[in-house]
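Hi,

Here is the structure I promised to pass on. Have a look at it first, and my notes follow below.

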Amino acid sequence: MRLAVGPVLYFWDREQLLDFYRDLAETPVDIVYLGETVCSKRRSLRFPDWLEIGRMLVDRGKQVVLSTLTLVEAESEVGQIARVCRNRDFMVEANDVAALDVLVESGVSFVGGIGLNIYNARTLSWLRRAGMVRWVPPVEMSGEQIGMIVDEVTASGAEPEVELFAFGRMPLAYSARCFTARAHGLGKDECGFVCGNYPEGMAAGTQDGRPLFTLNGIQTQSAAVVNLLPLWREAAESGVDILRLSPLPQGTAELIRYMREALDSESTPELPDIPDKALCNGYWYGRAGLESLGRG
Amino acid sequence: MELVVPAGSRGALHSAIEAGADVVYLGLRDETNARHFPGLNFSAHELPATVEHAHRMGCKVYLAINTYSRAGEWKRWEAAVGAAAESRVDALIAADMAVLDHASRTYPDLRLHLSVQASATNWRALRFYRDNFGIQRAVLPRVLSMTQVERLAERDVVPLEVFGFGGLCIMAEGRCLFSSYACGRSPNNYGACSPAEAVEWRQDGDVMETRVGGVLVDRFGDNDAAGYPTLCKGRYQVRGSRVHAFEEPVSLNSLELLPQLAKIGIHAIKLEGRQRSPAYVSRMTRIWRAAIDAVLANPDKFAVHRLWGEGLSELAEGQQTVLGAYARVWQ
């Protein structure tokens, strides 16, 4: 079982991003996804900066994948995606069909991200033939469903690698509207980059005091952190090859080390404390995503 | 410019045709479409006669098979596509690549429209679906500004259909998991947002609470109308205040954009509401029929008739309508 770190979903400044990847380079992580996937206005790092971080990580033995924008509306965004997809150094993760269009046209191998709606073996096989070598299932898919789909495509002899979104706040929705700006009484066009003040998003709770959502610009995430890391054996049985951790401002590097150790010693990981964060795993069991069942 | 009207029941279908729909769109009575609610839709058995009746009345029929087929249950989606082809519907509205691929190879004469649930918001996505599955039209998600719709129309990748009136999804369609996060079922995995069995109305003294999957969506006092709860229209605690973090309960109404939409060559206007009553469908359709006829007759003189505006507001959620993402300021 390999470990991956997904793209940073929040708006961090240049220094925070550079520090994060410098730390990550020292961990036993296998795969690192780079790039801005939420809002095209966020530009702490420019494309050449991302490529440079990528080369630094490759030098430390990591596989690097460039991840693309998820909600693609403006012509400029389509252009930006084409540029990422046509880079000559790294594999690309497609989070929108716009990226698929470029990648399939170019005839290169790619990763199919959670932003693509791949819900069954037929779609998966079609994309496998089109060059998709790794599949990150939608976060709402159960372990049982993932297992069934993997069995079905394996029987047809064309199984891609499977990467599970195993830790972090789950992306739940994307909108034309920026909710962080809205919470500040601003429109998207004059947002003033207020999302930069929320390095792990802004909480939105119910009126009876239950944390529910995390507002992250045009993206809305779960308030609870999904944690499927303790379930790694079940995940492996369902055909999962890679566990993805979605970055949080603190503790990601530490978590990678703990998890690597647990995998190597074939034990259930003793995870470091994750203070003030509700955990969930309901989707894995085919339940409501916010539920937390059994261990995990 | 085609007027495409929802028909969730036999009654709504008759109302739509009578009120001047060019097309009615419907779904089968199962998870293959995104309005999988009890008591709605048509059985595969009823479909041929329904299509024949509509055709006799001069109205086309589109069938929505616009959910994502679940692992191990492909037969259901396959059967739905077969029923569509055999019933001679005028087009199939689909989102799943598995469904599009199967339909395009098995029934090459069956016209395919890309559902809004496929979330194709740019020309490259549209081109991908056109070149690989032969789609002949796409329904645009309700996340694009008018300028972005115009740019897409200029690209002329496929003819476009846009939403005119009805429920307003705040999130990009086909990419929203709010409902399954709270109750396990979503449009993508089950064909319904906030399914009836997960919804609760609880009276607590003077306060009415609405919940989805046990999650509190909103609390209403005596004077507030408590609408059907969807998580994106609820009130939450954000930065210390109780607010509509995403949107208020409102409906989309793009009537005032009709001349522009006609001018840029939008092929069809879609009205939302397969869950609505025949009376609602009739009223909505009459207004849009009159408006489209007025635009086609004289686009430069078009003005939204006061009675049209009032009529649609009365039908709207919370009696309020907005332009949604079409207006940049809304974003």
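The crossing of α4(A) and α5(B) is left-handed, meaning the near helix is turned anticlockwise from the far one by less than a right angle.

Before I go on: this is a predicted model, where local features need pLDDT of at least 70 and side-chain atom pairs count only at pLDDT 80 or more, while totals for chains, interfaces and linings use all residues. Residues are numbered from 1 along each chain as its sequence is written, and chains are lettered from A in the order in which they are written.

Which residues meet where α4(A) touches α5(B)? From α4(A) come Val97(A), Ala98(A), Leu100(A), Asp101(A) and Val102(A), and from α5(B) come Arg124(B), Ala125(B), Arg127(B) and Phe128(B). Contact means C-beta atoms, placed from the backbone, within 7 Å. That set splits into six nonpolar, no polar and three charged residues (Ala, Val, Leu, Ile, Met, Phe, Trp, Tyr, Cys and Pro are nonpolar, Asp, Glu, Lys and Arg charged, the others, Gly among them, polar).

Zooming out, the contact between the chains takes 49 residues from chain A and 55 residues from chain B. α4(A) gives the most to chain A's side, with five residues. Elements supplying at least two residues to that side include α3 (75-85), α6 (143-155) and β7 (161-174) of chain A. By class, chain A's side has 27 nonpolar, 11 polar and 11 charged residues.

Chain B is assigned domain 1 (2-168 + 250-330) and domain 2 (178-243), with bounds from an automatic or database domain assignment. Their centres, taken over C-alpha atoms, are 26 Å apart. Domain 1 of chain B puts 13 residues into the contact with domain 2 of chain B, which gives nine residues. The domain 1 side has four nonpolar, six polar and three charged residues.

Cheers

Terms used. Two residues are in contact if their C-beta atoms, placed from the backbone, lie within 7 Å. Helices (H or I, at least four residues) and strands (E, at least two) are DSSP runs, numbered from the N terminus.
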